[in-house]
Amino acid sequence: MPYLHFRGDCAAALRFYADLMGGTDLQMMPYSASPDAPADWQASDRIMHGQVTLGDGVLMASDFPPGQAGDAQAAVSIMQTFDTEAQGRAVFDGLAAEGDVITPFGPTFFSPGFGMLRDRFGTHWIVTGGRAPQRQ
């Protein structure tokens with residue numbers, strides 16, 4: 001299961017992913033809710049653990065703890081597959097807004113729609129849509 005780490009925008013990222021992809025069961029717990037939280041955690045709105053159900057999987061995430069730096073999603077990509085090319089393209093376009101396209105969304109030998117990008121939160125995505133025709 002992928003677990004993403006953000007630099008203070010975990011809540012915004014998970015809400016965005018849930019809205020864009022029809023996510024369900026969005027849950028978030030801030031560091032401030034931790035029993036015996038250190039002083040710098042008590043005033044923080046950073047997320048200690050969050051998760052959202054996307055399709056058949058659960059995407060989990062957190063912010064780096066208050067006062068700690070980190071490199072968000074330095075070497076991981078999240079793969080999301082949609083039933084149709086149109087669904088895949090819509091999600092790809094939504095994720096690409098304010099992000100960086102690595103491979104433009106388009107047809108390949110294995111899928112009617114495929115693309116890769118880094119979204120505005122620093123998360124790398126691989127998005128596919130539709131099924132390739134069966135080879136004879």
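Begin by selecting F110, which is partly exposed, with a relative accessible area of 39%; buried means under 20%, exposed over 50% and partly exposed in between, with a 1.4 Å probe and protein chains only. This is a predicted model, in which local features need pLDDT of at least 70, side-chain atom pairs count only at pLDDT 80 or more, and totals for chains, interfaces and linings use all residues. Residues are numbered from 1 along each chain as its sequence is written, and side-chain values use heavy atoms, with hydrogens and water left out.

Next, select F16 and F121, both of which are buried. Their rings form a tilted aromatic pair, 6.0 Å centre to centre with 55 degrees between the planes; rings of Phe, Tyr and Trp (its six-membered ring) pair if their centres lie within 6.5 Å, and planes under 30 degrees apart count as stacked, over 60 as edge-to-face and the rest as tilted. Returning to F109 and F110, their ring centres are 5.0 Å apart and their planes at 85 degrees, so this pair is edge-to-face.

Now widen the selection to F6, F16, Y17, F121 and W125, which form one aromatic cluster. Finally, centre on F6, whose contacts (heavy atoms within 4.5 Å) include Y17, F121 and A13, not counting residues up to four places away in sequence.
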